[in-house]
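Subject: Handing over a structure

Dear colleague,

I am passing a structure on to you, and I would be glad if you could look through it before reading my notes below.

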Amino acid sequence: MPNSDVGYVATFPDKPAMVTRTLDLAGLKVPLTLHAAQVDGSYFAVGTVPLQGPLQGQGEVLRNALAQALANNVQAGAAQLQSTEWLGQPAWRVELQGSLPSGEAGHAVARFFEHRGVLYQVTLMGPGQQALPEIQTTWFSGFSLLGQ
């Protein structure tokens, strides 16, 4: 599914829903737009935050806050981001294991990066200790930036 407004293509496993909401992160009002699909209890999402106005220069702070919010969703404690390269640019990765609100084991994997004034969060979250490697590979390799 291409999103030409923000400049990416993602291969979702089902038709994604879109929602924009304002979050309070790190003392800032943050407009987060999510495209997400849920299949068999797993959640596939691309979130974007425009780094403009009062959010300009806040990418690192917001990335860390979003990673911690994800860790909180799976009750995984502190999010430990690891730097990596993805899509030919600097990125950060987090892998989390914990439990879902239902009490069953849960996991989340996400990649964060900034591109052309936008903070991206590409996430896979669901039940179990981890997603099957082929699901992770398919999800993350199905994401690309338009015009790159």
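This is a predicted model: local features need pLDDT of at least 70, side-chain atom pairs count only at pLDDT 80 or more; totals for chains, interfaces and linings use all residues.

Residues are numbered from 1 along each chain as its sequence is written, and side-chain values use heavy atoms, with hydrogens and water left out.

Let me start with the sheet, which is open and has seven strands in the order β3-β4-β5-β9-β8-β7-β6, with antiparallel pairing. Strands (E, at least two residues) and helices (H or I, at least four) are DSSP runs numbered from the N terminus, and two strands count as paired if DSSP finds at least two bridges between them. The edges are held by β3 (17–25) and β6 (82–86), each of which has a single partner strand, so one side of each is left without a neighbour in the sheet. Neighbouring strands are turned by 25 degrees against each other on average, direction ignored. The antiparallel pairing of β3 with β4 (residues 28–39) runs over nine bridges, and T20 stands opposite T33 in β4.

Helix α1 (residues 59–73) touches β3, β4, β5, β7, β8 and β9, and its direction makes about 10 degrees with that of β9. Helix α2 touches β5, β6, β7, β8 and β9, and its direction makes about 160 degrees with that of β9.

Within α2 (residues 133–141), Q136, W139 and F140 are buried (under 20% relative accessible area, with exposed meaning over 50% and partly exposed in between, for a 1.4 Å probe and protein chains only). They cover an arc of only 85 degrees around the axis, which puts them on the same side of α2; the arc is that of the directions from the helix axis to the C-beta atoms. The face turned away from that buried side carries the exposed residues T137, T138 and S141.

Finally, a search of the whole structure finds two salt bridges (a side-chain nitrogen of Lys or Arg within 4 Å of a carboxyl oxygen of Asp or Glu). One joins K29 and D24 at 2.7 Å, N to O; K29 is exposed, with a relative accessible area of 57%, and D24 is exposed, with 58%. R93 forms a salt bridge with E95, the closest N and O atoms being 2.6 Å apart, and R93 is buried, with a relative accessible area of 15%.

Terms used: Axes are lines fitted to C-alpha atoms, for helices over the stretch in contact, and angles run from 0 to 180 degrees between N-to-C directions. Contact means heavy atoms within 4.5 Å.
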